[in-house]
Structure formats: C-alpha cells, structure tokens
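Subject: Structure handover

Hi,

Here is the structure we discussed. Please load it first, then read my notes below.

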Amino acid sequence: QHHMAGKLFQAETLYKEILQSEPNNPDALNLLGVINHQAGNLDLAVDLISKALKAYPEFPEALNNLGNAYIDLDLFQEAIDSYNLALSINPKYEVGKNNLCEAFYKLGNYFHKLSKYEEATVNYVKALTIKPRHAKASFNLGVTFSAQGKLEEAAKSYIVSLASDPNQAEPHSNLGNVLVKLKRYNDAVE
C-alpha cells in the first residue's frame, strides 16, 4: 500500500524487513527492485529482480519489471527476451504485450540512429504487429523507409501514423515531401 501510494521510503523499509526474515521472498525482491528502478539504481534493480526470478522463475510481473530495467539500460534484446518469457508464462498479460511493443519500438529507434535501416524496419514492424495503431512506430518506420529511398512504403507508413493520430505536424510534412518526390503534387499540396 505504501508503494502504490508513492511512499517509497516506507515501502522500501518494509520490503527490507521482509527480506531479513525471508531472504528469497520473490515479491519483496521484485518490488524492492522496482523501487530501485524508480530511483535510478538500475544495476541494483536488475540484481534484485533477478534474485526474485531465481526464487520464482515463472513470475511474469518480475519478468516484466526486469525488462523495464533493461530498457533503461539500453539492453533491448534482454528486455525483449524478458517480455517474451513473461508472455510465454501468461499469454494474456497485456502489460507485457505493451512493453514488448515499446521494446521493439525503442530497438528500432536504436538501429535507426546507427543507420542500420533493415534492422530498424524489422523492429518497427514487430512493434506494429503487436500494436497496429502505434503512431510513433508508424512514423519512424516511414522515416526509415524514406532514408532507404522506399518512398511508396514511407508514404503508407505516414498515412498509418496519421490515421492513429491525425494531429501530428511532422507526419503531414514528411508525407507531403515524399509525395512531391513521387510527383504526386496534388496529393502533396493536400
């Protein structure tokens, strides 16, 4: 209750008390790891949550929390593996699906920054397979296609992004620029 109320110091104190009497309590280890993640102590968070998973390997919430910590450490593949394992334990785990989607999206961004467009494309498509109306993933997929000279695909991605969130200026602008390159001037003006 303290943790949910944002009283992290009180929650941390109680989790540590539990661990004094039950050093392998998976709930206390997991939630103490979450508090450390929230405080920016990412390595300690990973260590604590990993200990929770040693005590109770089929713990989807802990796997999800571990994935979240990995994301913030830019360990995208480890995060994806963790989310996938959570979903293999509980296929209906919606939080896991959303976080897996975000992991693929962020991995796509990572590869895009490195100009590894094929890898970026694969990961954006994986994100969109999980959440087809992910406006940012659709937009970034369009940017990636544009960078590769795949203008038709870029236009389609910008249109999907705009269908998800029509009030974005950048996809409108990028779509217009792509349509000019495709010599579809009337569409570009629109």
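Partly exposed means a relative accessible area between the two cut-offs: buried is under 20%, exposed is over 50%. Keep in mind that this is a predicted model.

Salt bridges first. The count comes to six. Three of them follow.

Arginine 184 and aspartate 187 pair through their side chains, at 3.3 Å from N to O. Aspartate 187 has a relative accessible area of 37%, so it is partly exposed. Arginine 184 is partly exposed too, at 33%. Both residues belong to a salt-bridge network that also takes in Glu152.

Lysine 97 bridges to glutamate 94, with the closest N and O atoms 3.5 Å apart. Both sit in helix α6 (residues 94–113), three residues apart, about one turn of the helix. Lysine 97 is partly exposed at 29%. Glutamate 94 is partly exposed at 46%.

Lysine 150 bridges to glutamate 118, and here the closest N and O atoms are 3.6 Å apart. This pair links distant parts of the chain, 32 residues apart: lysine 150 is in the loop between α8 and α9, glutamate 118 in helix α7 (residues 117–130). Relative accessibility is 29% for lysine 150, which makes it partly exposed. Glutamate 118 is partly exposed at 47%.

Now helix α9 (residues 151–164). It has 14 residues and reaches 20 Å from first C-alpha to last, close to the 20 Å expected. Its buried residues include Leu151, Ala154, Tyr158 and Leu162. What covers the buried residues of α9 includes α8 (135–147) and α10 (169–181).

Best regards

Note on methods. Residues are numbered from 1 along each chain as its sequence is written. This is a predicted model: local features need pLDDT of at least 70, side-chain atom pairs count only at pLDDT 80 or more; totals for chains, interfaces and linings use all residues. Side-chain values use heavy atoms; hydrogens and water are left out. Helices (H or I, at least four residues) and strands (E, at least two) are DSSP runs, numbered from the N terminus. The expected span of a helix is 1.5 Å times one less than its number of residues. Buried means under 20% relative accessible area, exposed over 50%, partly exposed in between (1.4 Å probe, protein chains only). Contact means heavy atoms within 4.5 Å. A salt bridge is a side-chain nitrogen of Lys or Arg within 4 Å of a carboxyl oxygen of Asp or Glu.
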